[in-house]
Amino acid sequence: MKAYQYLPEGYAPLSTVPLPLSAVQRYMEEGEIVEGTAVRCDGQHNIHIKFHGYDGVIPREEAVWPEISGAGKDIALLSLVGRSVQFLITNIQIDGGGKPTLHLSRRQAQQRALAHILDECPVGTVCRGKITHLERFGAFVDIGGGVIALLPLEHISMARISHPNLRFTAGQRILAVMKQVDREKKRFTLSHKELLGTWLENAALFAPGETVTGYVRGIKDYGIFIELTPNLSGLADFRPDLQENDAVSVFVKSIRPEQMKIRMQILQKIPAPPVPEPPRYYITDGRLAAWRYAPVDCEKDTGSVTFFP
């Protein structure tokens, strides 16, 4: 696989080392997907690119492909400025002074990336992704060449959260599982929680008698749910001075795998980190057929089995 072929845009390090024109011509002749920086969107909404010391232009009609990016609006073009974008080199034009200008197509690169994803990434496939932006209902993820998939809020982790910004930041590289593929509409839905470990795998990180950090994720009259990891929560006694998403230090009183319960005592509120911690992945590649969160001999019937047909 070539350097940027079917990776999310901006996922791989972007080289700006000057290249001889012969190398650029070879990229064009071989039809290789390459990547450069969008530096300007002109009045006609053509996108101007810097690529290894060369100036390039993506005509408006070649900059986005509405079928896969919902990019029929001008904002989709304006949002490319300052970003790494992938494209094919379709032509090299030399002016009277011998200066080359590259003619580029992002649309063709997207079409090839989409075909690859449809052929090679069926439901259950672990995919590389890059967060493009966050909404209250979920995260939008580039899964290759600017092809966007939705990671709904409820599929991000086992511990419930109110907004995906509690887990991710825009531009972050992640892994995710292909959950649904709508071939007709060219839409993709992802899941993330299956890669973050089972209850037992997460509980093994802790032991009774330890004091650790956690986050308030639910407040009820009978107690407060504390997230120890994105896929592990337990219960502490109620306290009136806490709010959801507060960071706290907690004393681990007991861990009971047979009931999938962790009991804790909240010690104090502590400063929250400025950005979410990066995910800890237990699965990093391959294809899942099914995934079970709960221990096999757990007394609780949690229904926590995910199937990927």
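Predicted model: local features only at pLDDT ≥ 70, side-chain atom pairs only at ≥ 80, totals over all residues.
Student: Why is Asn 231 called buried?

Tutor: Its relative accessible area is 1%. Buried means under 20%, so Asn 231 is buried.

Student: Where is Asn 231 placed?

Tutor: Asn 231 belongs to the loop between strand 12 (223–229) and strand 13 (232–236).

Student: Which backbone oxygen does the Asn 231 side chain reach?

Tutor: That of Lys 193, at 2.9 Å. The value is again within 3.5 Å, therefore this pair is a polar contact too.

Student: Which residues does Asn 231 touch, leaving aside those up to four places away in sequence?

Tutor: Among them are Ser 157, Leu 196, Gly 197, Asn 202, Trp 291 and Tyr 293. Touching here requires heavy atoms within 4.5 Å.

Student: Is His 52 buried or exposed, and how do you know?

Tutor: The relative accessible area of His 52 is 12%. That is under 20%, so His 52 counts as buried. His 52 sits in the loop between strand 2 and strand 3, and has a positive phi of about 50 degrees although it is not a glycine.

Student: Why does Asn 245 count as partly exposed?

Tutor: Asn 245 has 26% relative accessibility. Buried would need under 20% and exposed over 50%; 26% falls in between, so Asn 245 is partly exposed. Asn 245 lies in the loop between strand 13 and strand 14 (247–256). Its phi is positive, about 80 degrees, although Asn 245 is not a glycine.

Student: How do you know that strand 4 and strand 5 pair?

Tutor: Pairing takes at least two bridges. Strand 4 (residues 84–94) and strand 5 (residues 100–105) have six bridges, in the antiparallel sense, so they pair. Leu 102 in strand 5 is the bridge partner of Ile 92.

Student: Which strands does helix 5 touch?

Tutor: Helix 5 (residues 106–120) packs on the sheet and touches strand 3, strand 4 and strand 5. The helix direction makes about 130 degrees with that of strand 4.

Student: In what order do the strands of the closed barrel run?

Tutor: The five strands run 1-2-3-5-4, with mixed pairing. Neighbouring strands are turned by 50 degrees against each other on average, direction ignored.

Terms used: Residues numbered from 1 in each chain as written. Heavy atoms only, no water. Helix = DSSP H or I, 4+ residues; strand = E, 2+ residues; numbered from the N terminus. Axes fitted to C-alpha atoms, helices over the stretch in contact; angles between N-to-C directions. Buried < 20%, exposed > 50% of the residue type's maximum accessible area, 1.4 Å probe, protein only. Polar contact = N/O pair within 3.5 Å; in protein donor to acceptor, adjacent residues only side chain to side chain.
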